[in-house]
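This report is meant for a reader who meets this structure for the first time. It begins with a term that is needed later and then moves from the whole chain to single residues.

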Amino acid sequence: MTNDADTLPTETTADSTPPMEGDEQMKHETAHALEGTYDPETIESTWQDAWVEAATYAYDGEAGQDPNTTYAIDTPPPTVSGSLHMGHLYGHTLQDFAARFQRMANGDVLFPFGYDDNGIASERLTEQDLDIRHQDYERQAFQELCREVCQEYEAEFTEKMQSLGTSIDWDHTYKTIEPRVQRISQLSFVDLYEQGREYRKKAPAIWCPECETAISQVETEDDERQSHFNDIAFELAGSNPPREDFVISTTRPELIPACVAVFVHPDDDDNRDLVGETARIPIFGHEVPIIEDERVDMEKGSGIVMCCTFGDQNDIEWYQAHGLPLRVAIDETATMTDLAGDYEGMHTETAREAIVEDLEETGHLRDRREIVHDVGVHERCDTPVEYRVSKQWYINVLDHKDAYLEAGEAMDWYPEKMFTRYRHWIEGLEWDWLISRQRDSGIPFPVWYCSECDTEVLAEKADLPVDPLSDEPPVDTCAACGHDEFEPEEDVFDTWATSSLTPLINAGWDWNEETQDFEMANPELYPFDLRPQGHDIISFWLFHTIVKCYEHTGEVPFDATLINGHVLDENREKMSKSRGNVVEPAAVLAEYPVDAVRFWAASAAVGDDFPFQEQDIVAGEKLLRKLWNASKLIDTLAPRDPPEPDELEPIDRWLLAELDDAIDTLTAHFEAYEFAKARNQLRTFFWNTFCDDYLEIAKTRDDSPSTQYALRTAHRTFLLLWAPIMPHVTEEIWQTVYGEGRPDAFESIHTKAWPAPRGYEADLEAGETAMEVISALRRYKSERQLPLNEPLESVAVHGPISGFETAIQDVTHVQDLEVLEEPPEITTEIASIDLEYATLGPKYGAKVGEIDAAIDAGEFEITDDGLAVAGETLADDLFEVEYERTYSGSGTMTETESAVVIVDDAA
Ligand SMILES: [Zn+2]
Ligand SMILES: [Zn+2]
């Protein structure tokens, strides 16, 4: 069946128009009736409230039950920034498709919700909201303000999430700052410390001067920036130099007061003679050694580079490898220090311009050219990062790269290609995971240090959570030196150090003081069945979760990961505030039903970035109406619970066999997270096969117990199959038509069992062909303005319709149906010749008119060489032939996809 679902006859098909034969509309009326047009505005919010009220989606599993009957999703806790964007809506809707399907198909589902309200994001939110600076408060006081601000946003977020109609279990929520989570996070720290997988080290670390904290590698990203390459002349300090000076190229001349060495590659014939000499730094005058090192890129600039503490990773490696001194010219706020002399107190960018100007004046600036290059910036604030020596806590990750790669390989990836991103991230790892942040809002380190010998003292597991700023250490004296005073660690954890524990938070991981072991309150949940998330946080959330869970449990935390793409605007451009093309979910939901928006969300293959498309939402809206109207029509055609007849008629058995087939395919699609395929297949089957074809036929057969039974079975099945994608409309129809009572006491459609094939056997091809024939005959009548029950005397069909002959006759009122063994005589004639004038014109010039005329007059011939016309032979690429198939026998012929139908109307 290839009917265009949006053509007019389709629109009216499942409408509430009464059946053609006899007014049966009132026949099956019962107490609850679907009335009027579908009103999503009222109905959707009614059910959202009812589901929350009745805890419809509560996880009912028992602690320790069979993990195979449990489906657990480790949902991403959104940062409580106050706004719900299209990405949230899309991501959570995809997770919800999986949750709803699994709940119906496979048993207990845990679909929890988390709020990420610790770390820099919530701190900045609080600062902005209250117009304050965290530096002006004590940690405790500032954290309380953060809690107050976040609470408001959390409530708002809950409301917005509930308005999406997702099947979240609102009894299973967590906040990444709540005491229970603080305890788990600190337990994780203590466990890894005891395993020897954490260390504290004073070393160069990546630093954000805007946020004034150390950050980890994953928090930096490359950003294209306008800059200048400056060629600066350095002098040789010795009195016996073969050369007076040399040139280095740099984009950061403000770093020259921090220069500690100059490097040359050992194979650099032009410059090798400089090695061992001493260079004098222009303006600042301090002298540094010239050293050889293989890490120098000879192709860049003059091949001679300066090493400053610190401009980049290379500087750090050289500093460590050659034991160079530390010169700190830039402080934690990107302000020049006293080492910068006259430039002290300037911001780095101001100092850069000032130093260049002065270099020009002293004649040391040899060249300056504009470039665009990648600069490492902090992903949260877009500030170029610096490298600072500071004392920080790290988790060892570099020594377990292989294990984390294997853990990634052990998971199923949807789509598979996303594994590559994970692999690339691990292969490119250069730093251990820096987890200490010099911020206020966050979970404190449960650590004190001996004020005498700096020995680390960790909190007892039983005492967690603790805040060393207000709590006492668990010992009175230092075990190493006997001293009795301790300094608290003031830093807090990186927010990812906590959000990487979500599977353990959801499974209730904790330390049991009695057994002296870790245990889980709900071990059946772990490992989780699914980790859904965006592709942009594979290196953040997924990687770090695998690190933490693997180190704590020795297991891969997920069976599968579902990576969703990003929502783009209608022109496939990235949505951004600066472009002004951001589509707000609130605006979309004000205009369209949630179910229709969900229909759109199921339109793309998982993993692909895909555009926001209003037309797809409109198509979803039409489908809601179609489902509603079809349901109303069915209510007029069949009693709600008809008995199954002993024998089904062929056409009804065929429909139920098709339905079995659809259930199989759809189940496979949902299991493989192929929501777009499931949606499209179900829509075609429901709209074209069921509404356009079968329902039209059923209208004429509503007194048949076989049809009544098939109609009701199909209707129930369709509602169940649509339930994961369109939860509101299906619940409303189900409760009205099949429900016991509502909304106070209802057994939700969403907790019903997913349909299973019933084992109906039928020749699907013959049934489909019969449908085509019926459609063709209906079209025949409507084109001639004949009533659909007008008898047709004689019809001949060539095509596989065996077993459906009587059905065709009954439905289309054909008195005599002949099945032709051989195809009827059809001649294929040339209908027209289309010339390619664009290429024909230049080649044949004035002759084109003559060619045209000859074709019009039918004076041409198609040969193996091409089109012979007007004394020329046109090559194949110059013309196209349109053929027409005509029937020369008596009667009117129609061809369908797999049949030929001839109505004998010659008389
Ligand atoms: Zn920053
Ligand atoms: Zn000590």
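A disulfide is a pair of cysteine sulfur atoms within 2.5 Å. By that criterion, the structure holds zero disulfides. The structure shown is a predicted model, and the values that follow are computed from it.

**The chain as a whole**

The secondary structure of the protein chain amounts to 24 helices and 36 strands. Its radius of gyration is 37 Å, whereas the globule rule gives 29 Å for 907 residues, so the chain is more spread out than a compact globule. Taken along the principal axes, the box that its C-alpha atoms fill comes to roughly 120 × 85 × 45 Å.

Among contacts in the protein chain with a separation of 6 or more, 75% are made by residues 24 or more positions apart. Of the 907 residues, 53% count as buried. The accessible surface of the chain is about 39100 Å², and carbon and sulfur atoms account for 43% of that surface.

What are the numbers of positive and negative side chains in the protein chain? There are 67 positive and 190 negative side chains, and the centres of these two sets lie 3 Å apart.

**Single residues**

| Residue | Relative accessible area | Class |
|---|---|---|
| Cys 450 | 2% | buried |
| Cys 478 | 4% | buried |
| Thr 665 | 24% | partly exposed |
| Gly 580 | 62% | exposed |

Because buried means under 20% relative accessible area, Cys 450, with its 2%, belongs to that class, and Cys 478, with its 4%, belongs there as well.

Where in the chain is Gly 580 placed? Gly 580 is in the loop between strand S26, residues 567-568, and helix H14, residues 585-591. With a relative accessible area of 62%, Gly 580 is exposed, because that value is over 50%. Computed along the sequence, Gly 580 and Met 104 are 476 residues apart, and their C-alpha atoms are 41 Å apart in space.

Thr 665, by comparison, lies in helix H17, which covers residues 650-671. Its relative accessibility of 24% falls between the limits of 20% and 50%, and Thr 665 therefore counts as partly exposed. Thr 665 and Ala 756 are 91 residues apart along the chain, and a distance of 11 Å separates their C-alpha atoms.

Definitions and conventions. Residues are numbered from 1 along each chain as its sequence is written. Chains are lettered from A and ligands numbered from 1 in the order in which they are written. This is a predicted model: local features need pLDDT of at least 70, side-chain atom pairs count only at pLDDT 80 or more; totals for chains, interfaces and linings use all residues. Side-chain values use heavy atoms; hydrogens and water are left out. Helices (H or I, at least four residues) and strands (E, at least two) are DSSP runs, numbered from the N terminus. The radius of gyration is taken over C-alpha atoms; the globule rule is 2.2 Å times the number of residues to the power 0.38. Buried means under 20% relative accessible area, exposed over 50%, partly exposed in between (1.4 Å probe, protein chains only). Contact means heavy atoms within 4.5 Å. Accessible areas come from the Shrake-Rupley method with a 1.4 Å probe; for residues, only the protein chains shown count as cover. Lys and Arg count as positive and Asp and Glu as negative; His and the chain ends are not counted. The place of a charge is taken as NZ of Lys, CZ of Arg, CG of Asp or CD of Glu.
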